[in-house]
Amino acid sequence: MRSAKSTLLSRFSFHFLLIFLVFAAGLQPAFAQDNSPYSRYALGDQFSQSNITTRALGGISAAFTDYFSVNFYNPASYASFLATQEKNSKKLSSGRVILDVGMNIDNRKLIQQNTPNTFNSTDAFFSYLQIGLPLRKNWGMSLGIRPVSRVSYKVNRNERLMDPITGLPIDSAVTQFIGTGGSYLPYIGTGFAIKNLSIGANMGYLFGHKDISTRRALINDTVYYYASQHNTNSSFGSIFFNTGLQYKIAMPGKRFLRLGVSGNWEQKINGSIDSLRQTFTTSSTGEIIQIDSVYERNDIDGSLQIPASYRFGFVFGDDSARRWMVGADLALSQWSNFRYFGRQDSTINNWQVNVGGQFIPRPKGNYFSLVSYRFGFFFGQDYIRLRNKLPVYGVSAGLGLPIPNYNRQAQNQFSVVNLGVEFMRRGNDENTLRENLFRLSLGFNFTDLWFGKRKYD
């Protein structure tokens, strides 16, 4: 007797994944040292909008599809999940289900221009957890969760206050700027194809919080002043949509050209905000003790205006053995329309170009001829502007390492470990603060054939 239906993960793969999830969760508090002053603006630092596979390809995603990973940025790609139908029927004979998980380790270096001051931090966090399900041939569905942004900074500023009349120094002041928070997006989406045209949409719930605090203390030799604190804490959450299209064109020599467009329109996210202005002192353990509240208002209803973002791209490659492909994207975002509870932020419209490629040397019989080799680069303009514009550019590379399957009970399983490295620079010599980011990405893709009926020899 032979069974064509098997579980999504073998016992080994399940234990391997469980260990990975526990390990990654344990890294979160151990390396939570990220400190980026740029995360003060908008929703915070934006997480990568591509999966581990495409990050190594310079971040292309508009026209990208893959049998073994989920391209959540363009839901039209879900139509390409592998599926076969029964003869003379629309019922699914078998389909390759995908479990796609990833994590990042970031090393960030902040460089203050014209000074020897630098700051290094390392942080690890989940990148995404998602599932891809073929429903019919040319029709697929995906669900998962991923972080969208993160607010994490703590900056101290020491200054000498001057008498406005005499111009002589009078007091010293210490100001501390603290920000925490972030946003997340659990989602479900579907994509289907009509001949060469694929259409898809994701619906999710974008939620999060942003807590900003400014503490200021005056230092005087003879007079004691209470320190002041300004807190602004917000929380938000609403339904969020993004859509995409892809169109495949057959080319001579068994080549293909796929065009893609994806993105979201401007959307409003409901929320509430708490504001507090107070004087305080601290206990021996560092706990804040309120002296007097100058101003306090809680649960002020409002909203965030999330700007429209669009991505256009193409992928050109080998359609027979899928041994190579190259592609490019152009991303445009209207961040000048961003509003935080009615207030404009230091954001501007931005753009970015992404270019990448992949090749697989197979078939030569050895393991390394089956590995996917990836490379890419990107450049553009950041969505934050402080005095001067912030240029952004970087390079990427990666590997897709197939895991040999020795499980005879689940011979249709196929697993890949995806590795990616990125180096990104934010700002140049014209900016007060330059940021260098080195990112190591690690992803696991587990796939197996489902829905197959039992057969007997």
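Start by selecting β5 (139-162): this strand gives the largest share of the lining of the largest pocket, five residues. Keep in mind as you click around that this is a predicted model.

Next, pick P37, R40, Y41, V155 and F177, which lie nearest the centre of that pocket among its 37 lining residues. Other elements that give two or more residues to this lining include β3 (92-112), β7 (197-219), β8 (227-251) and β18 (388-403). You're looking at a volume of about 1200 Å³, with a lining of 15 nonpolar, 14 polar and eight charged residues.

Now for the second largest pocket, at about 610 Å³. Select D66, F68, I360, R362 and S372, the closest to its centre of the 31 residues that line this pocket. Then colour β9 (255-264), β12 (309-318) and β17 (372-386), which are among the elements giving two or more residues here. The lining splits into 16 nonpolar, eight polar and seven charged residues.

Time to go inside: the structure holds three cavities of 30 Å³ or more. For the largest, with a volume of about 1100 Å³, select Q46, F47, S48, Q49 and Y383, the residues nearest its centre out of a lining of 48. Around this cavity sit 20 nonpolar, 15 polar and 13 charged residues.

Technical notes. Residues numbered from 1 in each chain as written. Predicted model: local features only at pLDDT ≥ 70, side-chain atom pairs only at ≥ 80, totals over all residues. Heavy atoms only, no water. 1 Å grid on protein atoms, 1.4 Å probe; cavity = no way out; pocket = protein on both sides within 12 Å on 5 of 7 lines; lining within 4 Å. Points joined across faces, edges and corners; volume = space filled by probe spheres on them. Nonpolar A, V, L, I, M, F, W, Y, C, P; charged D, E, K, R; others polar. Helix = DSSP H or I, 4+ residues; strand = E, 2+ residues; numbered from the N terminus.
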